[in-house]
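Work through the exercises below with the sequence and the structure at hand. Try each task before reading its solution.

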There are 2 protein chains.
Amino acid sequence: MLEIRFDPKKGIWCEDEESLEKLEKNHFGEKRETPLGSNVKADKPFGGKIWLEIEEALFLINFQNASCIGPGKKEMGFNELASAYVEKEPRLFVRYNAYRDWRDRGLIAKRMKTIKKGQGKKGWKRYPAKDLKLPKLKATAVWYPDSLFSVIEDESVGKKLFEEHWIGQLGIYKQDRGKLLKLEFMEAIFLAKHAKLKVVSAETGKEINADQILDFVTEKREYAKQLYEIYEDWRLKGFVLKTGFKFGSHFRIYFPGAKPIVDDKWIHSRHVLHVFPKDQKMLISEWSRAVRVAHGVKKTFLLGIPEMKQEDYVDYPEDFLAYRRKKEGNNWIRETPDDRPRYLLVSVSEDEHIGGIELASLLKKAQTLGLELLLSISDRETAITYYVLKRVVLPGSGYEYYEIEWMKP
Amino acid sequence: MLEIRFDPKKGIWCEDEESLEKLEKNHFGEKRETPLGSNVKADKPFGGKIWLEIEEALFLINFQNASCIGPGKKEMGFNELASAYVEKEPRLFVRYNAYRDWRDRGLIAKRMKTIKKGQGKKGWKRYPAKDLKLPKLKATAVWYPDSLFSVIEDESVGKKLFEEHWIGQLGIYKQDRGKLLKLEFMEAIFLAKHAKLKVVSAETGKEINADQILDFVTEKREYAKQLYEIYEDWRLKGFVLKTGFKFGSHFRIYFPGAKPIVDDKWIHSRHVLHVFPKDQKMLISEWSRAVRVAHGVKKTFLLGIPEMKQEDYVDYPEDFLAYRRKKEGNNWIRETPDDRPRYLLVSVSEDEHIGGIELASLLKKAQTLGLELLLSISDRETAITYYVLKRVVLPGSGYEYYEIEWMKP
């Protein structure tokens, strides 16, 4: 029988021999002479006690049948002990639930104390970039402002743009009929800016430039500027970006050189890209929905957070360092705090919000430490969904991109 | 060769015999003596001309090789003709694109003139309701405000609530371990209000009532009140509502009498329910994403728009009446304006917004006319996705609900 003790002035600890042995073996708590958070060095020799974090104690009570003795030798239940900590740690239950799930899978998670900076760019992926060469266009597109579409009637220009650069939509989608090239707003802006396309407003009959189109769209469609910046960033590096509407994302992406039809077949995208503006706050459930659709259609989900500047980054609190499993001989065994941690674990619930800045800051922190970022999302039934975020390098880009993968530990 | 004519003062018409015959056979335009929109009765005998709407003319130019002769006998292309109409019809291109897709599938769409009110409650579905009987609870839940969760430690109460009413989560999701009953915020509010559950704040140790919890949550999580109202509405009628997080929606729904485990098996939901607050404006692409996830997991998607009052409804413009196919003998033939129309078609693009009020108003208009509402969404590649919205009746409810189905014409 595990026995743990609580004193509101000191914290939670364990001191009987049998319990100490069990806790040590399973990497609960920390051996120290003084309570957690005091000034004594963590590496001081073991002083006969193991001090526990609140989530460790709650887990032991809930799943290891531990009994917790509080002031006046009274046994304390889950709620009583948790209540003693909730002022200091308001998000206690969500954090506990993340910890509970990870431990319950036989894996170890610890609060972050000191960890050295990462030894490498762990988990980075480099995408292939290729300079885009666009023709100087001698064509006119007519811009329908309230529809956010433009139309090029010149068939030879339309065919070239569509078949060689996959810009615009020639005729009907996935059919070989119709001769008009329809440009969505980003394509019109991009061609006006980089291929001297003349764009004329259907309303005024006057020429308008790239900036004017973007300003107009920005008034109607929030974050149009951020969408366009990401669009331009990838397009200039040779990637093909088309709408990701059918896959629940802003864009689907094809690698440089992609054309709509190869050997009489329509090619399939394998990546979708979603833009998360830095000043946008999103419900976790909404954020997750976008990843979920991409996962459902077996595409890699990429996230771009544009416009992040050095001064934007904040110190957003992580929750745990998480360890997973490693191979020893022919067996997979769990990693312990003696191994390098794998993940910077952040726990959130479906009804909380996350902002672009907070996410970018967490990603940067993880990256600095050489870790991957692991998002642990508690739904209202306390079930957990995990997403791993890995940095992607788009050569020549000033922005940062991340692949997000659904993960089952 | 189809020949159509345009005069900025009159409109678009056709007058040569061969063209008239073709147009009439294919239900383009309207036979009248005077231009469209004038006061002459539409049923006046044919005066030798067929007058065309702009989208009809653009379609004929683009796909039927029609030539359009304008002022000074000059031939006019798509852009020139469209530009002449864009001031009067700013969303012309999106509307045209919806029309283009429907006609291109061999189906007929017409602008709405006069149509009689519907003869029946076409397409309504009635859901089974059953009064909920809850016990008076003699238990206490501890509420963790910033986590939005509550915990009941009393195992017999927890077991009863979970197993008989499927309220809360007993232990670990889909596992038979753990004894705490975890309540999400709506469950705690619901039990405090309808089963006299005592809820005590972990922070203050004081009892708080249902309204106080809801007020607190509303400050942290937008539209919490609307979510709760829908939750309560269905729960009181015997339905089981659990989080729809894994399916990208607010709730998953089970019909009255559902229990988490039947014959040792976890039961599966077949419906998800999403709440669309009347004052929320959503990007079509975001709105569609929620439907898409539900469709991907083969669940029926239900939409609830709470709090609509008589005075909230607006006259939101529809685009077309749409006809489909009917069986004649052993063949499917297309319906014509001589048949009753099926759909009230509304065209939008992925970068436009729709609000709860607008959608509820459109649904009401369709319902009054005895039609189903058909949403035609143009993505940035001008491909169209169709959703059909059908009314659902939840007996005893003051709110309106709709099933949304992805449709391929």
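Two aromatic rings of Phe, Tyr or Trp count as a pair if their centres lie within 6.5 Å. The model used here is a predicted one.

**Exercise 1. Aromatic rings**

Task: Find which residues form one aromatic cluster with F28(A), then describe the aromatic pairs F59(B) with F63(B) and W102(B) with Y386(B).

Solution. 

Step 1. The cluster is made up of F28(A), F59(A), F63(A), Y99(A) and F320(A). Over all chains, a search of the whole structure finds 47 aromatic pairs.

Step 2. F59(B) and F63(B) form a tilted pair, with 5.4 Å from centre to centre and 35° between the planes. Tilted applies because an angle under 30 degrees would count as stacked and one over 60 as edge-to-face. The two residues are four apart in helix α2 of chain B, which puts about one helical turn between F59(B) and F63(B). An α-helix has 3.6 residues a turn, so residues three or four places apart point the same way. With a relative accessible area of 4%, F59(B) is buried.

Step 3. W102(B) and Y386(B) are edge-to-face, at 65° between the planes and 5.3 Å centre to centre. W102(B) belongs to helix α4 of chain B and Y386(B) to strand β27 of chain B, so this pair ties together parts 284 residues apart in sequence. Both W102(B) and Y386(B) are buried.

**Exercise 2. A helix and its surroundings**

Solution. 

Step 1. Buried means under 20% relative accessible area.

Step 2. After the helix comes G106(A), which has a positive phi, near 80°.

**Exercise 3. Salt bridges**

Task: For D351(B), name the salt-bridge partner and say which parts of the structure the pair joins. Then do likewise for E55(B) and E56(B).

Solution. 

Step 1. Side chains of opposite charge can pair when their charged atoms come close. The partner of D351(B) is R221(A), with 2.9 Å between the closest N and O atoms. D351(B) lies in the loop between β24 and β25 of chain B, and R221(A) in the loop between α7 and α8 of chain A, so the pair joins two chains. D351(B) is buried at 5% relative accessible area, and R221(A) is buried at 2%.

Step 2. E55(B) pairs with R111(B), the closest N and O atoms being 2.6 Å apart. E55(B) is in helix α2 of chain B and R111(B) in the loop between β7 and β8, 56 residues apart. E55(B) has a relative accessible area of 1%; R111(B), at 18%, still counts as buried.

Step 3. E56(B) meets K110(B) in a salt bridge of 3.2 Å, N to O. This pair links helix α2 of chain B to strand β7 of chain B, across 54 residues. E56(B) and K110(B) are both buried.

Step 4. In chain A, salt bridges with shared partners join E53(A), E55(A), E89(A), R95(A), R111(A) and D319(A) into one network.

**Exercise 4. The two copies**

Task: State how chain A is superposed on chain B and which C-alpha of chain A is nearest the axis.

Solution. 

Step 1. A rotation of 180° with 0.0 Å of shift along the axis superposes chain A on chain B, with an RMSD of 0.0 Å. The copies are therefore related as by a two-fold rotation axis.

Step 2. In chain A, the C-alpha of V293(A) is nearest the axis, 2.9 Å from it.

Step 3. Of the interface residues of chain A, 97% are also interface residues in chain B, so the copies meet through the same surface.

Step 4. R292(A) has its charged end over the ring of F245(B), 4.9 Å from the ring centre.

Conventions
Residues are numbered from 1 along each chain as its sequence is written. Chains are lettered from A and ligands numbered from 1 in the order in which they are written. This is a predicted model: local features need pLDDT of at least 70, side-chain atom pairs count only at pLDDT 80 or more; totals for chains, interfaces and linings use all residues. Side-chain values use heavy atoms; hydrogens and water are left out. A salt bridge is a side-chain nitrogen of Lys or Arg within 4 Å of a carboxyl oxygen of Asp or Glu. Buried means under 20% relative accessible area, exposed over 50%, partly exposed in between (1.4 Å probe, protein chains only). Copies are superposed by least squares on the C-alpha atoms of residues with pLDDT of at least 70 in both. Contact means heavy atoms within 4.5 Å. Rings of Phe, Tyr and Trp (its six-membered ring) pair if their centres lie within 6.5 Å; planes under 30 degrees apart count as stacked, over 60 as edge-to-face and the rest as tilted. A charge sits over a ring if NZ of Lys or CZ of Arg is within 6 Å of the ring centre and within 35 degrees of the ring normal.
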